[in-house]
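Hi there,

Here is the structure I promised to pass on to you. Have a look at it first, and then read on for what I found in it.

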Amino acid sequence: MASILDEYEDSLYRSASVQQSRASVGIPHSGYVNARLEKETPIFNKQRIDFAPPEKINSLVVSSNQLCMSLGKDTLLRIDLGKPDEPNQVELGRKDEAKVYKMFLDHTGSHLLIALNTSECLYLNRSVQKVRALSRWKGHLIESVGWNKFLGSETNTGPILVGTAQGQIYEAEISVSEGSLFSTNPDQYFRQVYTLEEESGPAPVCCLEIERGIEGKFFIIATTQKRLFQFVGKVPEGTEQQGFSSIFAMHADHLPSFREFPASFGFSEIAFYTPKLRSNPRSFAWMMGNGVLYGTLDYSRPDSILSDERVWVYPSDIDITVNKPISIVLTQFHFLLLLPDRVKAVCTLNGQVVFQDLFLEKFGLLTRMIKDPTVQQIWIHTEKVVFRYHVQRESRDVWKMYMNMNKFDLAKEYCKDRPECLDIVLAKEAEHCFQNKRYLDSAKCYALTQNYFEEIALKFIEAKQEEALMEFLIKKLSNLKPSEKTQTTLLTTWLTELYLNWLGILEGDPSQRNLYLDTREKFRTFLSSPKNKDCLFNNRASIYELLASHGDTEHMVYFAVIMQDYERVVAHHCQHDEYDEALNVLSRHRDEKLFYKFSPVLIQHIPKKVVDAWISMGSRLDARNLIPALVNYSQSASTQQINEAIRYMEFCVYQLEETQQAIHNYLLSLYALCRPDSLLSYLEQAGTNPNRIHYDLKYALRLCAEHGHNHACVHIYKVMELYEEAVDLALQVDVDLAKSCADLPEDDEELRKKLWLKIARHVVQEEKDVKKAMACLSSCALLKIEDVLPFFPDFVTIDHFKEAICNSLEDYNKHIEELKREMEEATQSAKRIREDIQEMRNKYGSVEPQEKCAACDFPLLNRPFYLFLCGHMFHYDCLLQAVFPNLPAYKQAKLEDLQKKLAATSQPSKSHHRPKDADTVSLGKGQQSREQIKADIDDIVAAECVYCGELMIRSIDKPFIDPQKYEEEMQSWL
């Protein structure tokens, strides 16, 4: 086992050479470099706004990228942060000593409420420049406003809640009319709905918040200096515009649920965290005298949405009697406390201060801190300066806090994109599970870490937790890359060994039967895993050795099936006399080579099933490769068992239509051996055309002769066209069979006569049957009585063949008469032909002097011409010009040769000293030759009329204009 660990570690080092080159950096147990190459920016990044106010800043509010600040006594500055270079200044228009007490801006940045210290309230809409007084609000010092985020719009606030310094909660609505800049009264109504009290009586309403949960349920949170109230109720559907009076009316007779804390520093403030725009807040933080009450908001609870509450006391350096907190802002994992000279950020997970920012005295005392809920930016201002905080990657260290709290799932969630941190969390979780003896969970986590492999493996080995070790190896194997083949091989082999050991232990314990079955199923799943398939296949020899060393033949067969090593599976079944199982494997996987290899063994024990399997394979099997198995089987088997071999051979011949000679020869030998009746039908079905016969004729003849199948031999002789041998052998079997053979050579009358004479001799000499001999004469027209007479013995009287002799003489007479008639007909035909020839010689035609050539249209009688029976007349040269191009090449050559010879005979002799008699003889011979040449030319040129003969028919598809002269002809028409 230790050697496997060493090999695995060596291969791991080789595959991680890049990491080894960084030895100077230092690698912890996790395998990741625990160093930050770049300086990380702080979570809360402060930026001073480049703005120098002309007067001191009294109040500042921000929402939806809209910033409003009160400057001095009578100035209001509005800035669209999307266009910071275009500020808008509005004058309040107050002549008295009134000062801005507080400002409230709704979630859309459209509605601004300005509370004055003279218990008056002003209103300014984003789309207008003039501030309007709210007359109905006069006489109330406004402390808080609960905006309606569900019905509010840019021109109408919808029903809102207003908290005063006297503890009253009013419901109001402000609307901008469409007809003019403002209506007479922008405040639609202002009515009291509730009064908040503490032990000493009414208390200022420090904060108001309106939220809507599921099923139309509304939650209203209101705070005083010591108490946090919750009002819960449903507003009837369709009556939301009527406000929240019905919710407060439910608590008219009894106090609503509230949380109270004893300490107080004169005010309180509540902050909410909303994860994204237009969603409900998910958590809250209430700053009060005893500390900060932090919790989540659960909208599914019936009476209170506050959940998971805890109180984080203020840090030790905060003395609420000297430097009490001024404002609070809540982010996802922190709440920020504003002190007169600094800002502290406290983690909501552990209550520790994670950030502190001290402001210089030159900036003055910090006045207020507020967060823009839409863009998650935090604003802080003094009387002279404005600062802005950007929250960047707030969750970067949250994983560590969750890990220390043993909340590993949450820790992994917040570091899933940081593998070095995730590895630390997994290692911590694995160690935690190991210490709590949750070994399987520990193994799963360890497998995902980069901790040293051998260290973890030895840890489980020392704890004697083989099951956990196997789980660790399985997970580690699943995480390996395809390129890490050495590690994959080592883990696969080790897991196989562990599985076999574990199965061997469990198999011997009947009480662990269920566990054994589960482990066996896991082992088989491991062997059949597609990811491990290549590795197992490449190392199958080692796996076979392991399985054999444990004597686990069941899994050896299972593994062989997975590896598609069916040869080993079939061999195993055959060794254990499980022939049916072996054949099932062959039939299921249909491997031709395995059929060829194991058929000789299987057919000895289950012949019928084997032949059925062969037949089911159809043409995929080559029957020639199965003949050796059948030969061995047929030599040692009975006739009944040979029938199985015949059945398969017949399937190949008749169903698959095999044409291989070896198959037909073997089937022929089986027929000759066991089925003589089927032999002749097979031969007859094969036909008599030697080119279409697939068996060997000579082999078939020898085979049939050895087994004495004469009838079959006769058929083979006929196919081989050895008719004499066929007749000789047929006469030993049946005369009628011999007669059928004798008629086969239809084109060779001499041979037919010879064969019939053999039959007649056999009938006369062997059977001594004169009547049957006479019947032979009637069966073959070639035989005459005189051919048969020599075969009869001398003692035979003429009475037996008198009738035959008479019939023969009559036939001779008929033949002579027929010859005479044919001679007379021939004489008459010759006479008529001679008369026709004489008539043609005397036929003539008349030509008028004005007749013209049909080709050139010139007078006909000027030159030699031809006159055809159809009436067309041509000059000799015109006819020659029309006929010559259409003659075959050989006739064109012959015509040219004849013309040359004709020209040669017309030349006068150059000799002047020849005797007169010699000249006369020469002229006679020349004159005959000239006439013959002219006749030959006439046969070629004037064989038919050029206009009425076949020449005109053959030229019907020729164009009127020669294609070669087409362009020239076309140009002549232009």
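Let me start with a question: is Gln 332 buried, partly exposed or exposed? Gln 332 is partly exposed, because its relative accessible area is 30%. (Buried means under 20% relative accessible area, exposed means over 50%, and partly exposed lies in between, with a 1.4 Å probe and protein chains only.)

Before going further, please keep in mind that this is a predicted model, in which local features need pLDDT of at least 70 and side-chain atom pairs count only at pLDDT 80 or more, while totals for chains, interfaces and linings use all residues. Residues are numbered from 1 along each chain as its sequence is written, and side-chain values use heavy atoms, with hydrogens and water left out.

**The whole chain**

The chain has 35 helices and 32 strands. (Helices, H or I with at least four residues, and strands, E with at least two, are DSSP runs numbered from the N terminus.) Of its 974 residues, 42% count as buried. If you take the contacts between residues at least 6 apart in sequence, 52% of them join residues at least 24 apart. (Contact means heavy atoms within 4.5 Å.)

**Back to Gln 332**

You will find Gln 332 in the loop between strand S24 (327-330) and strand S25 (334-338). Leaving aside residues up to four places away in sequence, Gln 332 touches Tyr 273, Tyr 294, Thr 348, Glu 394 and Tyr 414. Tyr 273 is 59 residues from Gln 332 along the chain, yet their C-alpha atoms are separated by 6.4 Å.

**The nonpolar cores**

In soluble globular proteins, nonpolar side chains tend to be buried together. The largest nonpolar core here has 110 residues, and the members that touch the most others are Phe 460, Phe 472, Leu 473, Leu 602, Trp 614, Tyr 648 and Met 649. (A nonpolar core is a set of buried Ala, Val, Leu, Ile, Met, Phe, Trp, Tyr and Cys residues joined through side-chain atoms within 4.5 Å.) Take Leu 473: not counting residues up to four places away in sequence, Leu 473 touches Phe 453, Leu 491, Trp 494, Leu 495 and Leu 498. Another core, of 29 residues, lies apart from the largest one, and its members include Leu 60, Met 69, Val 90 and Trp 379.

**Two pairs of helices**

Helix H7 (residues 439-447) packs with helix H8 (residues 453-462) at an angle of about 170°, and their axes are 11 Å apart. (Axes are lines fitted to C-alpha atoms, for helices over the stretch in contact, and angles run from 0 to 180 degrees between N-to-C directions.) That angle makes H7 roughly antiparallel to H8. (Angles under 35 degrees count as roughly parallel, over 145 as roughly antiparallel, 65 to 115 as roughly perpendicular and the rest as oblique.) On the H7 side, the contact is made by Tyr 439, Ser 442, Ala 443 and Tyr 446, and on the H8 side by Ile 456, Lys 459 and Phe 460.

Helix H13 (residues 540-549) and helix H14 (residues 553-562) pack at about 160°, with axes 9 Å apart. H13 and H14 are therefore roughly antiparallel to each other. In this pair, H13 brings Arg 540, Ile 543, Tyr 544, Leu 547 and Ala 548 to the contact, while H14 brings His 555, Met 556, Phe 559 and Ala 560.

**An enclosed helix**

Why is helix H24 (residues 710-719) described as largely enclosed by the rest of the structure? Seven of its ten residues are buried, so H24 is largely enclosed. Those buried residues are Ala 712, Cys 713, Val 714, His 715, Ile 716, Tyr 717 and Val 719. They pack against helix H22 (676-686), helix H23 (697-706), helix H25 (723-730) and helix H26 (735-742). Just after H24, Glu 721 takes a positive phi of about 65°.

**Some loop residues to look up**

- Arg 393 sits in the loop between strand S30 (386-391) and helix H4 (398-404). Its phi is near 45°, a positive value in a residue other than glycine, and Arg 393 is partly exposed at 46% relative accessible area.
- Lys 464 lies in the loop between H8 and helix H9 (466-479). Its phi, near 55°, is also positive, and Lys 464 is exposed at 73%.

Enjoy exploring!
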